[in-house]
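Colleague: Could you take me through the aromatic rings and the pocket here, and tell me where the labels come from?

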Amino acid sequence: MVRTCDYPGCSNKDVADSPQSFHRFPVTDVALRKLWVLALGIHVDTKVEKIKLRVCSAHFSDDDFLSTCPGQRQMKKRILKKSAVPAPQVNKTVGLTEP
């Protein structure tokens, strides 16, 4: 099964050699979860257990990701900062559907 980005209007797919990374919906940080709920247009009363969404990296800025420290090897996987919240078309990349 191919996973697609759950951001409204985005059709990016999580496939091999995809230029995007995919990031899970936060479930433990209540304040951050509320911000993601608003950003994705999810009803505020939706049970957390029912939310198994992923959002692609096209909806985050480069500043939303952790960077490596000098002298460290490049990270293989892009990791979001704990404060990152998705937004519409932050990084326009191949495969992103234009409204």
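This is a predicted model: local features need pLDDT of at least 70, side-chain atom pairs count only at pLDDT 80 or more; totals for chains, interfaces and linings use all residues.

Colleague: How many aromatic pairs turn up in the whole structure?

Modeller: The search finds three. One of them joins Trp36 and Phe60, with 5.7 Å from centre to centre and 40 degrees between the planes.

Colleague: Why is the pair of Trp36 and Phe60 called tilted?

Modeller: Stacked needs under 30 degrees and edge-to-face needs over 60, so a pair at 40 degrees counts as tilted.

Colleague: What makes this pair a link between distant parts of the chain?

Modeller: Trp36 sits in helix H1 (residues 30–40), while Phe60 is in the segment after strand S4 (54–56), 24 residues apart.

Colleague: And why is Phe60 with Phe65 called edge-to-face?

Modeller: Their planes are 75 degrees apart and the centres 6.2 Å apart.

Colleague: Now the largest pocket: what is its volume, and which residues are closest to its centre?

Modeller: The volume is about 520 Å³. Of the 18 lining residues, the closest to the centre are His23, Arg24, Phe25, Ile79 and Leu80.

Colleague: Which element gives the most to that lining?

Modeller: Strand S3, with three residues. By class, the lining has eight nonpolar, three polar and seven charged residues.

Technical notes:
Residues are numbered from 1 along each chain as its sequence is written. Side-chain values use heavy atoms; hydrogens and water are left out. Rings of Phe, Tyr and Trp (its six-membered ring) pair if their centres lie within 6.5 Å; planes under 30 degrees apart count as stacked, over 60 as edge-to-face and the rest as tilted. Helices (H or I, at least four residues) and strands (E, at least two) are DSSP runs, numbered from the N terminus. On a 1 Å grid over the protein atoms alone, a cavity is a set of points where a 1.4 Å probe fits but cannot get out, and a pocket is an open set with protein on both sides within 12 Å along at least five of seven lines; lining residues have an atom within 4 Å of a point. Grid points are joined across faces, edges and corners, and a volume is the space filled by probe spheres set on the points. Ala, Val, Leu, Ile, Met, Phe, Trp, Tyr, Cys and Pro count as nonpolar, Asp, Glu, Lys and Arg as charged, and the others, Gly among them, as polar.
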